[in-house]
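Reader: Please take me through the surface charge and the aromatic pairs of this model.

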Amino acid sequence: MPRSLTENPRWYQTAVFYEVFIRGFFDSNGDGIGDLRGLIDKLDYLEWLGVDCLWLLPFYSSPMRDGGYDIGNYEEVDAAYGAREDLIKLVDEAHARGIRIIADLVMNHTSDQHIWFQESRSSGDNPKADWYIWRDDDSGWPEARIIFTDVEQSNWAWDSERQQYYWHRFYSHQPDLNYDNPEVVEAMLSIVKLWLDTGLDGFRLDAVPYLYQRDGTSGENLPETHAFLRRLRSEIDARYPGRVLLAEANQWPTDLVDYFGSSDECHMCFHFPLMPRMFMAVRREQRLPITEILAQTPELPDGCQWGLFLRNHDELTLEMVSDEDRDFMYAEYGADPRMKRHLGISRRLAPLVENSRPLAELLHAMLFSLPGSPVLYYGDELMMGDNVYLGDRDAVRTPMQWTPDRNGGFSRADFAQLYLPPLMDPVYGYQAVNVEAEYRDQGSFLHWVQKMLSVRRRHEVFGLGSIEILAVDNPSVLAFIRSYYPESSLAVKDSENFAGNLEGDDASQISTSLDFREDSKEGEERCVLCIFNLSRFAQPASLDLARFKERQVTELLGRVPFPDIQEGDYRITLGPHGFYWFSIT
């Protein structure tokens, strides 16, 4: 029976997102490039998998020098992907299956081929002369960091036509828009409304921390940026209720939380600092990197949510780690110089974990149970590989692998026509890793992911609940309790009283605490206990669960009863990279 869209305006708090690179998903017309009609053809697969919302990478007209993030025309669908009518049909077909769609919107910059920039560069007194930021010299705003340090030497670039420098925070072919110009603000708001009118369910806002620049600042997280987001949110709430704004703000947690505002800016933000620390924790076999960043993560405003991910279309970013931790991550996960991109590592999940299924399962189990809405990257549900010999970020953007047939079932085109070559190595190649084979194999990773998402969907505590990190004497074991009471407020209580029970480093790791209601209904699920072994060896764990005395413990995946909680510690053994999800009722 097809799923239907829920009427809940906070649907995003319990949703599972799936990131789709349209160019690489499925080619419907045989030209070697994935397109919108191809994505429509695969909606049944995505419905079966159990995703709630698709995140589309940019589909706007573009020279494609940066995978579509260099937009040439905001108002047109790129011809290689189809037409606006195809997008509308995609939205309608997805909604019929209970799947929402959000789209990437690049607000900070355009392509240097955009008609706005072409007009702006033509002279210093044309109508769009100050739609971009121009200076006679390149000495302005020296405090602003250069983001792509491996390819750009400055945030200023010389334009021989206008005979001035223009400002850019990313590639030099992506000039930044000037949001101090009210016409730019109005133009961008019009673009937002144009695409929401097609039925889209929201946007992932690319690079929002950099919209404004001010002397003596880093040009990030400025008050003017937050004022613009409040206006954007206000207009969307008034005209398009139930739509969501997801901020891409690669910042520390204390700066990240500002992008929620007082529940009047973005509905969601990616939790960038958490992602690399999950990989750090499993390689060090210590929970501290995870508990440490959770302790630094502020409480969310009402109605807001984190976006969690393991991998995506960009590099595994190492901006929000210390220099020492960055060196560690490069040594452990990016030893080959070809794997390094900008300030990160350009690799997919499976190669990062050396194709270890137990480790991939462990990381996904954490992704699905930590506070936030998980985001899957296309192909990671198959444990697809990458190609580090391709330039820039193309290593992780190869064609989706559907079958063991020609071109991995992605396209009927000649191999030479494909936008990128599919993987053909003996470990990750499409003959070995593909949807058709894994769908037929009930023990495949694909079926495991589908089952995990099905279990998660039945327990809204994973999306809405608070978290309490438990004290465990074994540093290789991470354990926490997720708790949610629909009839109560979701306010997170201070945990100073509980932190006093911990010793050593864990004493500072508790970020939230639980309020156990003794008047809960009989048999009501009160919380979920999640335990993870970050070590490659079997590990014991002893948990103080005395407050749950005589409560029932049931493993969620198989609904298997475990021994009830009695006096004293609850002892359990986990296999290498093993984990448990338990309900305590």
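This is a predicted model: local features need pLDDT of at least 70, side-chain atom pairs count only at pLDDT 80 or more; totals for chains, interfaces and linings use all residues.

Reader: Which residues gather in a patch of positive charge on the surface?

Author: Lys and Arg count as positive and Asp and Glu as negative, with His and the chain ends not counted. The positive patch here consists of Lys451, Arg457, Arg458 and Arg559.

Reader: Is Arg458 buried or exposed?

Author: Arg458 sits in the loop between helix 15 (445–457) and helix 16 (461–464); helices (H or I, at least four residues) and strands (E, at least two) are DSSP runs numbered from the N terminus. Buried means under 20% relative accessible area, exposed over 50%, and partly exposed in between (1.4 Å probe, protein chains only). Because its relative accessibility is 54%, Arg458 counts as exposed.

Reader: What distance separates the C-alpha atoms of Asp473 and Pro540?

Author: Asp473 belongs to the loop between strand 17 (466–469) and strand 18 (477–483), and with 62% relative accessibility it counts as exposed. Along the chain, Asp473 and Pro540 are 67 residues apart, and their C-alpha atoms are separated by 9.4 Å.

Reader: How many aromatic pairs does the structure hold?

Author: Rings of Phe, Tyr and Trp (its six-membered ring) pair if their centres lie within 6.5 Å; planes under 30 degrees apart count as stacked, over 60 as edge-to-face and the rest as tilted. The number of aromatic pairs in the structure is 46.

Reader: What is the angle between the planes of Phe148 and Tyr171?

Author: Phe148 is buried at 4% relative accessibility, and Tyr171 is buried at 9%. Their rings form a tilted pair, 4.7 Å centre to centre, with a plane angle of 55°.

Reader: Which kind of pair do Tyr179 and Phe228 form?

Author: Tyr179 counts as buried at 4% relative accessibility, as does Phe228 at 4%. The ring centres of Tyr179 and Phe228 are 5.2 Å apart and the planes lie at 70°, so the pair is edge-to-face.

How values were computed. Residues are numbered from 1 along each chain as its sequence is written. Side-chain values use heavy atoms; hydrogens and water are left out. Patches are made of residues with over 30% relative accessible area and no salt bridge: like charges are joined within 9 Å, nonpolar side chains (Val, Leu, Ile, Met, Phe, Trp, Tyr) within 5 Å. Accessible areas come from the Shrake-Rupley method with a 1.4 Å probe; for residues, only the protein chains shown count as cover. A salt bridge is a side-chain nitrogen of Lys or Arg within 4 Å of a carboxyl oxygen of Asp or Glu. The place of a charge is taken as NZ of Lys, CZ of Arg, CG of Asp or CD of Glu.
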